[in-house]
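Here is a short report on a protein model. Please look over the sequence and the fold before reading on.

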Amino acid sequence: VARVTATGTGHASGLVDELVGVVGERHVLVDPDMTAGYAVDWTGRFRGSTPAVVRPGSVEEVADVVRLLARRGIPLVAQGGNTGMVGGSVPTAGEVVLSTRRLDRLEPVDALAGQVTAGAGVVLDRLHEHAEAAGFTFGVDLGARSSCTVGGMIATNAGGIHVLRYGSMRAQVVGIEAVLGDGSVVEHLAGLEKDNTGYDLAGLMCGSEGTLGIVTKARLRLRPRFDHVVTAMVPVGSMAAAMEVAATLRATVANLNAVEMVGRAALDLVADHLGVAPPVRAEVVLVVEAAAHHDPSEELAAGLEACGELAGEPAVAVDGAARRALWRFREGVTEAVNAAGIPHKLDVTLPAAALAEFADHVGDAVHRLDPSTTTYLFGHLGDGNVHVNVIGLAPGHDADDVDRAVFELVVAHHGSISAEHGIGTAKRDFLHLNRSPAELAAFAALRRAFDPAGILNPNVLVPT
Ligand SMILES: Cc1cc2nc3c(=O)[nH]c(=O)nc-3n(C[C@H](O)[C@H](O)[C@H](O)COP(=O)(O)OP(=O)(O)OC[C@H]3O[C@@H](n4cnc5c(N)ncnc54)[C@H](O)[C@@H]3O)c2cc1C
């Protein structure tokens, strides 16, 4: 695979002319001032450079771009909202960036099927508004909703706050249109709920991180829109107690939508960042939510009652503004951590029985390696998913040591090193902790079959 230099001379300038021939001059960016924002992730941890950002406006243009890059052996990175957490959307090895943001067509909701077809560049907020206007909702929601795109969410198999009710992105995708590494287009968008006609290409694209194809469109399942929502912020004395509360709520509250967790250090950090005192404080605070066609307040109250003694009175909200005020203490953590320093973001999942012990020890394990660090815990407790965010690594300290220490603890407890953010460049060298040599060989073979020229995001996911 050829490497293109950012200087735009020789080989690369011919490339730019060819790209312009496909998408037009306006949609090929080469000025470093214009491409800079595409070459760094939003945390500032992953930086690269690119000879060109190309912004195709149709599947045909995507196919032509991929075909010409495959012919020249030039690698590319697909980029949607660039909100990914693992460096997968950044041209860290000088790749061309293929931005999908212009593929933003939303077709009318198919109310009969309860589905919608969306372009890969559609931003999540817009998808939610579109579904809700038609009496539906979309099953995945997450804090990056104003920027992340349908294609990026499929490529990372995004999770978010409603996984315990609706599953992750994979459970929403009924069909797909995508461009494979040789420029061929696969399209399967009829939206048949039952369709056993061979391999599930749409499912394969979920979590493929731009290595098997460029998603250009998806047929997505929609869910009923619930007009009654109740949110509670629940103080709990320990992580073990929080796991018990989550299990009781899952077993007793039929309309449960979310069980999210913020550890004490993360709660203090976000409260400082927002300049607002939280309505409840404890070792662990849960943000829980129920949604239904009727008011689910009593159902949630009964569920909380069944949890036994809590570490204080929950704060409860039913109207939109008050609910959002509670959610800020959970969803604002990511931004608060970022404002405090460049974070090491580790997104792990543990079996329910092991999660509390892991959470109680992980901060100490990191601190022993580097006493200047602070570890913040928050995440989607209802799915056993904790975000371990470390900031303040001493200068010159090898960050991989911290990652390794956390991942080894995860694997010792039979967990996974990535719950929802994916592998990207950040965790590629640790993938063997969760995947056997036979699995890695199957991954590599799949990759070769879908991308014979090896140009689709070659530096992520599968170790070289
Ligand atoms: C505040 C905040 C909160 C977040 N919360 C969550 C959360 O709760 N749950 C969660 O799962 N994630 C979360 N994330 C991470 C991120 O939003 C998700 O990973 C999201 O799915 C990325 O979408 P994107 O469009 O920004 O993709 P990008 O960051 O642009 O790309 C991510 C990966 O997908 C590939 N890709 C992008 N588009 C395509 C395409 N069309 N075809 C093929 N490959 C493609 C890229 O090459 C890259 O490997 C959060 C991020 C932020 C900033």
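This is a predicted model: local features need pLDDT of at least 70, side-chain atom pairs count only at pLDDT 80 or more; totals for chains, interfaces and linings use all residues.

Residues are numbered from 1 along each chain as its sequence is written, and side-chain values use heavy atoms, with hydrogens and water left out.

## Sheets and helices

Helices (H or I, at least four residues) and strands (E, at least two) are DSSP runs, numbered from the N terminus. Two strands count as paired if DSSP finds at least two bridges between them. Strands of a sheet pair through backbone hydrogen bonds, either parallel or antiparallel.

Start with the sheet of four strands. This open sheet has the order E5-E9-E7-E8, with antiparallel pairing. Strand E5 (115-119) and strand E8 (185-188) are its edges, each pairing on one side only. On average, neighbouring strands here are turned by 15° against each other, direction ignored. Axes are lines fitted to C-alpha atoms, for helices over the stretch in contact, and angles run from 0 to 180 degrees between N-to-C directions.

Inside this sheet, six bridges join strand E7 (residues 173-179) to strand E9 (residues 214-221) in the antiparallel sense. Glutamate 177 has lysine 217 in E9 as its bridge partner. Helix H3 packs on the sheet and touches E7, E8 and E9. Contact here means heavy atoms within 4.5 Å. The direction of H3 makes about 50° with that of E7.

Next comes a sheet of seven strands. It is open, antiparallel and ordered E14-E11-E13-E12-E16-E17-E15.

Strand E16 (residues 374-380) and strand E17 (residues 385-391) run antiparallel and share seven bridges. Leucine 377 has valine 388 in E17 as its bridge partner. Helix H13 (residues 352-369) lies across E15, E16 and E17, at about 10° to E17. Helix H14 also packs on the sheet, touching E15 and E17. The direction of H14 makes about 10° with that of E15.

## Salt bridges

How many salt bridges does the structure hold? The count is 15. A salt bridge is a side-chain nitrogen of Lys or Arg within 4 Å of a carboxyl oxygen of Asp or Glu. Three of these pairs are tabulated here.

| Pair | Closest N to O |
|---|---|
| Arginine 71 – glutamate 18 | 2.7 Å |
| Arginine 330 – glutamate 260 | 2.8 Å |

Arginine 71 and glutamate 18 form a salt bridge. Arginine 71 lies in helix H3 (residues 59-72) and glutamate 18 in helix H1 (residues 11-23), so the pair ties together parts 53 residues apart in sequence. Glu18, Arg71 and Arg72 are linked in a network of salt bridges.

How covered are these residues? Buried means under 20% relative accessible area, exposed over 50%, and partly exposed in between (1.4 Å probe, protein chains only). Arginine 71 is exposed at 59%, while glutamate 18 is partly exposed at 29%.

Arginine 330 and glutamate 260 form another salt bridge. Arginine 330 sits in helix H11 (residues 320-331) and glutamate 260 in strand E12 (residues 256-263), so this pair ties together parts 70 residues apart in sequence. Both residues are buried.

Arginine 323 is in helix H11 and glutamate 289 in strand E13 (residues 284-292), 34 residues apart. Arginine 323 and glutamate 289 are both buried.

## Positive phi angles

Most residues other than glycine have a negative phi. Histidine 414 has a positive phi, near 65°. Histidine 414 lies in the loop between helix H14 (399-412) and helix H15 (437-450). Is histidine 414 buried or exposed? Histidine 414 is exposed, with a relative accessible area of 69%.

Leucine 461 has a positive phi too, near 70°. Leucine 461 is in the segment after H15. At 11% relative accessibility, leucine 461 is buried.

## Surface patch

Tyr199, Leu201 and Leu204 form a nonpolar surface patch, with about 330 Å² of accessible area together. Patches are made of residues with over 30% relative accessible area and no salt bridge; like charges are joined within 9 Å, nonpolar side chains (Val, Leu, Ile, Met, Phe, Trp, Tyr) within 5 Å. Accessible areas come from the Shrake-Rupley method with a 1.4 Å probe; for residues, only the protein chains shown count as cover. Leucine 204 lies in helix H7 (residues 201-205).
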